[in-house]
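Dear colleague,

I am handing over the structure we spoke about, with the sequence alongside.

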Amino acid sequence: MRPIDYRNETFRDIQTRLHSDRATVLEALQIHGPTTTRHLAEAMGCDILSVRPRVTELVQLGMAELVQPEADAPKREGVYRALTIPEAEALFAERQAAASDPQGTLDLAA
């Protein structure tokens with residue numbers, strides 16, 4: 001998602017993007033995560049090429065996160081986990097605040 005998307009949408013708008021395949025992958029990630037996309041696909045009985053793009057979309061939507069970068073993970077695969085609703089809401093609020101402050105003067109660490 002682009003910064004303007006965060007500025008113009010609400011968290012409820014983001015949640016409406018969780019339908020069909022995304023919702024299925026998010027639910028599986030909640031059950032089986034933290035995990036790699038390869039292991040998640042195996043657990044779901046799906047092809048990795050069906051799962052990997054959905055995980056990427058969930059990360060972009062702020063509903064999942066990369067917890068172990070590929071460079072640090074065994075077999076060079078990233079490890080992902082689903083965020084809880086409060087975590088996702090907090091991340092959305094941070095991204096929305098940053099998008100509303102294009103000069104970068106907002107200190108999100110404060």
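Predicted model: local features only at pLDDT ≥ 70, side-chain atom pairs only at ≥ 80, totals over all residues.

Residues are numbered from 1 along each chain as its sequence is written, and side-chain values use heavy atoms, with hydrogens and water left out.

Helices (H or I, at least four residues) and strands (E, at least two) are DSSP runs, numbered from the N terminus. Three strands form an open antiparallel sheet in the order E1-E3-E2, where two strands pair if DSSP finds at least two bridges between them. E1 and strand E2 (64-68) stand at the edges with a single partner strand each, so one side of each has no neighbour in the sheet. E2 and E3 are joined by four bridges in the antiparallel sense, and Ala-64 has Ala-82 in E3 as its bridge partner.

Helix H3 lies across E1, E2 and E3, at about 105 degrees to E3; axes are lines fitted to C-alpha atoms, for helices over the stretch in contact, and angles run from 0 to 180 degrees between N-to-C directions. The axes of H3 and H4 come within 10 Å and cross at roughly 100 degrees, which makes H3 roughly perpendicular to H4 (65 to 115 degrees). Thr-24, Val-25, Ala-28, Leu-29 and His-32 in H3 are in contact with Leu-40, Ala-43 and Met-44 in H4, contact meaning heavy atoms within 4.5 Å.

Thr-35, in strand E1 (residues 35-36), counts as buried at 11% relative accessibility, buried being under 20% relative accessible area, exposed over 50% and partly exposed in between (1.4 Å probe, protein chains only). Beyond its neighbours within four places in sequence, Thr-35 is in contact with Leu-29, Leu-40, Gly-78, Val-79 and Tyr-80. Asp-47, in the loop between helix H4 (37-44) and helix H5 (48-61), is partly exposed at 44%. Finally, the peptide bond from Gly-33 to Pro-34 is cis, with omega near -5 degrees, and Pro-34 is found in the loop between H3 and E1.

Methods
Parallel < 35°, antiparallel > 145°, perpendicular 65-115°, else oblique.
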